[in-house]
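Hi,

Here is the structure I promised to pass on. Have a look when you get a minute, and my notes follow below.

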Amino acid sequence: MSFGCIIDATTSSKIPSEAIAEMSLTAQNHRILLNDGNNIPIIGLGTYSAPKITAKDACYDAMKVAIDVGYRHFDGAWIYGNEGEIGKAIQEKIADGTVKREDIYYCGKLWNTFHPPEMVRPSLEKSLKLLNFDYIDLYIIELPLAFK
């Protein structure tokens, strides 16, 4: 079975697929150590859902199941319209002792209409409020195109 290769951020070298296959990854150890001492789970779950056709609470339910089966890395964005559901599911899993906030790696995205510098922080703060988080682990630009 081929897993391809990934880059080891601590040495900038490739990790061969054979080594990845031998890692024996579990929910507890499926992380890569970054050169700043932080780590990121290798496998993540994207949370995009089509708002007009996705049932209410579908993302919330999926998040709870994902956490229960071991997912710890989640990719989301304010524009997806479900950060409230994501935050609610994570907060409930924290409250019931399944995970701690530091176990979760959340990557959020800045939408294309919010690229002007004065709009970045308010956009991030809106996501933080919806998620009920004190921080987001990684905040990236959704697309390198600005919309009006």
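How many helices and strands does the protein chain have? There are 4 helices and 8 strands, and do keep in mind that this is a predicted model. Starting at the N terminus, the order of elements is β-β-α-β-β-β-α-β-α-β-α-β.

Some overall numbers: the chain has 148 residues, 31% of them buried. Of the contacts with a separation of 6 or more, 67% are between residues 24 or more positions apart. The exposed surface comes to about 9,000 Å², with carbon and sulfur atoms supplying 58% of that.

Now the inside. The largest nonpolar core has 16 residues, and the ones touching the most other members are M63, F74, I86, I90, Y106 and F133. At least two core residues come from each of α2 (58-69), α3 (83-95) and α4 (117-131), with α2 giving the largest share at 5 residues.

Is D75 buried or partly exposed? Its relative accessible area is 22%, and the cut-off for buried is under 20%, so D75 counts as partly exposed. Its side chain makes a polar contact of 2.5 Å with the side chain of K109. Leaving out residues up to four places away in sequence, D75 also touches L45, G46, T47, Y80 and C107, among others. Y139 is 64 residues from D75 along the chain, with 9.9 Å between their C-alpha atoms.

Cheers

Methods: Residues numbered from 1 in each chain as written. Predicted model: local features only at pLDDT ≥ 70, side-chain atom pairs only at ≥ 80, totals over all residues. Heavy atoms only, no water. Core = buried A, V, L, I, M, F, W, Y, C linked by side-chain atoms within 4.5 Å. Buried < 20%, exposed > 50% of the residue type's maximum accessible area, 1.4 Å probe, protein only. Contact = heavy atoms within 4.5 Å. Polar contact = N/O pair within 3.5 Å; in protein donor to acceptor, adjacent residues only side chain to side chain. Areas by Shrake-Rupley, 256 points an atom, 1.4 Å probe, with all protein chains shown as cover.
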